[in-house]
Amino acid sequence: MRQQLQTTVLGREYTLELSGTLTGYWLVFLRLLVGWWFLHEGLNKYVAPGRFRAGWFLEKTGTVVSPVLNAFAGGATEAAIELVVPAGEVLIGLGLILGVLTRAAAFFGAFMLFFFYFGSEHWRRGLVNGELMGLVLFVTIVVFGAGRVWGVDSYLEATDLVRNRPWLRYLLG
Amino acid sequence: MDTTPPHSDYGWLDDAALATGLGLVLLGLVVMGVVETLLGSAHFTERVPGLGVVVVHTSFTPSLRAHVIALGFLVLLAWGISRVGRTILASLGTRP
């Protein structure tokens with residue numbers, strides 16, 4: 001089913017013609033793909049030999065995010081980051097695959113990718129690289145949601161809790 | 001019960017924030033990338049009194065481009081937070 005979407009961009013009116021069916025298929029595909037990527041990354045950190053270490057990343061200097069990273073280097077904060085990163089990746093992956101709190105999961109995925117991307121010291125792989133593409137994919141899911149298609153968010157959005165609090169939809173699909 | 005869609009009230013502030021944020025990301029990635037491609041990423045050395053020999057970068061450094069891109073994403077983040085904040089305030093205001 002094709003749908004006309006009327007919108008205004010910088011004062012000019014436009015009409016977008018979208019196929020609801022194609023959009024639904026593509027968004028759920030995107031959600032599952034990105035979800036598996038992060039779930040796999042997180043699980044891999046638990047099963048791979050040797051504990052996941054974040055020190056090498058947090059101690060980087062000369063990057064855009066170095067002031068933030070360096071503030072967490074060493075001690076209890078570094079240990080906390082080493083716990084949060086794999087757990088966060090697993091939760092983000094599960095959230096996207098199951099379509100639970102889809103936008104919140106995608107936001108935190110974009111948050112992590114922001115640091116992975118801007119944590120580059122020499123940009124040897126250029127400014128358009130895999131991390132940027134990952135960041136853009138997560139932002140795309142934040143924009144479009146996609147948790148309503150084959151996702152738990154479709155049930156959550158029907159609850160009175162969400163109906164009475166429209167802002168909660170920013171966390172859901 | 002408020003069933004108003006949360007995206008129904010885009011005003012000039014939203015337009016300005018989206019255009020600025022996305023524009024900065026495109027400036028850092030595409031515009032500076034085109035300039036870099038056309039001009040080349042040339043370096044030459046120059047003797048500066050008191051400093052010795054310094055490397056002069058004639059095009060945009062990757063660090064400058066990264067900062068411009070990061071600024072764009074931060075503008076978008078600030079806009080997103082403001083959207084959620086405004087929606088929460090609006091829903092509080094309409095609640096009896």
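**View 1. F38(A) is a buried residue, at a relative accessible area of 2%.** Buried here means under 20% relative accessible area, exposed means over 50%, and partly exposed is in between (1.4 Å probe, protein chains only). W37(A) comes out partly exposed at 31%. This is a predicted model, so to speak: local features need pLDDT of at least 70, side-chain atom pairs count only at pLDDT 80 or more, and totals for chains, interfaces and linings use all residues. Residues are numbered from 1 along each chain as its sequence is written, chains are lettered from A and ligands numbered from 1 in the order written, and side-chain values use heavy atoms, leaving out hydrogens and water.

**View 2. Y10(B) and W79(B) make a tilted aromatic pair.** Their centres are 6.1 Å apart, with 50° between the planes. For the bookkeeping, rings of Phe, Tyr and Trp (its six-membered ring) pair if their centres lie within 6.5 Å; planes under 30 degrees apart are stacked, over 60 edge-to-face, and the rest tilted. Y10(B) sits in the segment before α1 (12–39) of chain B and W79(B) in helix α2 (residues 62–94) of chain B, so the pair ties together parts 69 residues apart in sequence. Helices are DSSP runs (H or I, at least four residues), numbered from the N terminus. W79(B) is buried at 17%, while Y10(B) is partly exposed at 37%. R83(B) also lies over the face of Y10(B), 4.2 Å from the ring centre.

**View 3. K45(A) puts its charged end over the ring of F52(A).** The distance to the ring centre is 5.4 Å. A charge counts as over a ring if NZ of Lys or CZ of Arg is within 6 Å of the ring centre and within 35 degrees of the ring normal.

**View 4. Ring pairs link residues of chains A and B into a cluster.** The members are F111(A), F114(A), F115(A), Y117(A), F118(A), W123(A) and F73(B).

**View 5. The largest nonpolar core has 35 residues.** Such a core is a set of buried Ala, Val, Leu, Ile, Met, Phe, Trp, Tyr and Cys residues joined through side-chain atoms within 4.5 Å. L96(A), Y117(A), F118(A), F138(A), I69(B) and F73(B) touch the most other members. As for who contributes, α5(A) gives the most to this core, with 9 residues.

**View 6. L39(B) is an exposed residue in helix α1 of chain B.** Its relative accessible area is 62%.

Conventions: Helices (H or I, at least four residues) and strands (E, at least two) are DSSP runs, numbered from the N terminus.
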